[in-house]
Amino acid sequence: MVDEYKMVIVVRADLKMSKGKMAAQASHAAVNCALAAKKRDPESLERWMNNAYPKIVLKAKDEAELFLIKSFADAAGLLNSVVTDAGRTEIAPGSVTCLGIGPDASSKIDKVTGELPIF
């Protein structure tokens, strides 16, 4: 069986962002990861695109948990991107809002994010 490819966006729950703000921040993470994959790992990007671009949004309780997840993603060699808000609308400038991981094999990403709740 061929492993499916996906992207995961981990969003901080403690910021209490509106749905629209959360969607914008998750979109930033997805675009950042896709652009980085185009340069670093075009094969993973192509597999993800050929699999209908799956993106799963998961919850981190706070910034500390988000950076812990990032450290696990780094250790696993997973492409990832931290998103920091400009502070023009709902939250303070420089606030870390979310973390994009992938695209990569679901089995690799699940080892890092498999226990996180869906947002």
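**Aromatic rings.** I looked for aromatic pairs and found one in the structure. W48 and Y53 make the pair, and the arrangement is edge-to-face, with 5.2 Å centre to centre and 85° between the planes. I noted the rule: rings of Phe, Tyr and Trp (its six-membered ring) pair if their centres lie within 6.5 Å; planes under 30 degrees apart are stacked, over 60 edge-to-face, the rest tilted.

**Source notes.** This is a predicted model, where local features need pLDDT of at least 70, side-chain atom pairs count only at pLDDT 80 or more, and totals for chains, interfaces and linings use all residues. Residues are numbered from 1 along each chain as its sequence is written, and side-chain values use heavy atoms, without hydrogens and water.

**Accessibility of the pair.** I checked W48: it is buried, at 4% relative accessible area. Y53 is partly exposed, at 40%. Buried means under 20%, exposed over 50%, partly exposed in between (1.4 Å probe, protein chains only).

**A charge over a ring.** K59 lies over the face of F119, 5.1 Å from the ring centre. The test wants NZ of Lys or CZ of Arg within 6 Å of the ring centre and within 35 degrees of the ring normal.

**Backbone.** Most residues other than glycine have a negative phi, and most peptide bonds are trans. I found a cis bond between G102 and P103, with omega about 5°. P103 lies in strand β4 (residues 96-105). Helices (H or I, at least four residues) and strands (E, at least two) are DSSP runs, numbered from the N terminus.

K16 has a positive phi of about 55°. I placed K16 in the loop between β1 (5-12) and α1 (19-40).
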